Amino acid sequence: MKVKQHTIGKQVTVSGVGLHTGVEANMTFMPAPPNHGYKFQRIDLEGSPIVDADVDNVVDVSRGTTIEQGGARVNTVEHVLAALVGLEIDNVLIQLDGPEPPIMDGSSIQFISILEDAGLREQNALRRFFEVPESIHYRDSSREVEMAALPLDDYRVTVMVDYNSPVLGSQHASITDISQFKAEIASCRTFCFLHELEMLYKQNLIQGGDLNNAIVVVDRVVTDEELEGLAKMFNKPKVEVRKEGILNNVELRYKNEPARHKLLDVVGDLALVGRPLKAQILAARPGHAANVAFAKKLKRAMEKVGPSHIPHYDPKLPPVLDINQIGNILPHRYPFQLLDKIIYLDDTVVAGVKNVTINEPFFMGHFPNNPVMPGVLQVEAMAQTGGILVLSTVDDPENYWTYFLGIESCKFRKMVLPGDTLVFKCELLSPIRRGIAKMKGEAYVGNTLVCEAVMTASIVRKDA
């Protein structure tokens, strides 16, 4: 799995009709900054409102997953989201000039293709995985649905479907690595049973449905009159049934294409948890309602891990900048090189790490029998973190000095002791002008805020 966050290299557009609304729409994928996530924007509505791809925004799961926020609604988002997860893209703004993404061929493969055409761009931020800490289960006895997420340092998905149908029977599908999604799952199309078609049509659904973008499974004898009615419904001159029970001689791409598509839906719906997952997902007879209910359960478990605004530090992942790279940017040296790693860096925010040990030279005098990290050095380490952010705005940071101009609203909330890992976050409060930067700095040990301050600094060229 990719370690750093990714967006796309350029904007790209696909066009087509929505499956359920039948409305033509253009959908444009736009690059987005780190930690942006997946967001839809209805540019056809006043104010171009944004709808976060969040499970708490789901309002309908009747035959697809529909999200709504601030009165703006986006239908059938799961195939688009599955493509983004399958390519391990983290940050994208998806602009729509209609109520529903194009259904294309009923799978995710055409979204995969256009996103690959845009290219993937690595970002200076580590992916913040939700690593399932313990087994999480969901069950709907009325529908015989069971889903589970088991701890795993990877993302694997296994799906079983059983419709008690002589045509489909029991089917299984699985991927053992998300990199398999494109080749094994992305091209698998949506499907429904013949007996569902008329009901869906009467509910004003599948208005954009076509025998080119869905597999229709025929699990009973069909009269000639019914076939004529179906031909009229789909605006086709003739509709036939194959011996295998697939309408209009559609060739399956895989024998278990329906199960694979259900896996695609699971991947897309679980994207609404809001962070990439590390887990073994097992799903028996899943559907959108169960997927969304399970995703809500996963999100509630994720929220217990800690507030999302605190920088997440995973020591297993490589840093954005290591100690040698930091030394090439900052002029500080022992015993004043107080920053060990940079784990996040964008245009306005930086996060760094300092591991506090009893071997720090200042513990010889502060205090020998009660070692406490001096508050002024916490601020200095925080300032060095902010210095990385400021110096990242120039092409030759090695040719600049950074100087403190002021510290405001500084508070020390808890003692920092040997063995603690300090995580710093500095965020610009306004754009840098004339080399002057003002930023809010925070220091955390775990989820506890231990120090905060508003700092003003100046960058000065060494030969000035």
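The legends below describe close-up views of a predicted model. Local features need pLDDT of at least 70 and side-chain atom pairs count only at pLDDT 80 or more, while totals for chains, interfaces and linings use all residues. Residues are numbered from 1 along each chain as its sequence is written, and side-chain values use heavy atoms, with hydrogens and water left out.

**View 1. Phe29 in the largest nonpolar core.** This core has 68 residues, of which Phe29 and Phe40 touch the most other members. A nonpolar core is a set of buried Ala, Val, Leu, Ile, Met, Phe, Trp, Tyr and Cys residues joined through side-chain atoms within 4.5 Å; buried means under 20% relative accessible area, exposed over 50%, and partly exposed in between (1.4 Å probe, protein chains only). Beyond its neighbours within four places in sequence, Phe29 has contacts (heavy atoms within 4.5 Å) that include Ile8, Val80, Phe111 and Leu115.

**View 2. Glu452 in strand β24.** Strands are DSSP runs of E, at least two residues, and helices are runs of H or I, at least four, numbered from the N terminus. Glu452 counts as buried because its relative accessibility is 11%. Its side chain makes a polar contact with the side chain of Arg413 at 2.4 Å; such a contact is a pair of N or O atoms within 3.5 Å, and within protein one must be able to donate a hydrogen and the other to accept it, with residues adjacent in sequence counting only if both atoms are side-chain atoms.

**View 3. Ala183 in helix α3.** The helix spans residues 181-184. Ala183 is exposed, because its relative accessible area is 52%. Ala183 and Gln11 lie 172 residues apart in sequence and 24 Å apart in space, C-alpha to C-alpha.
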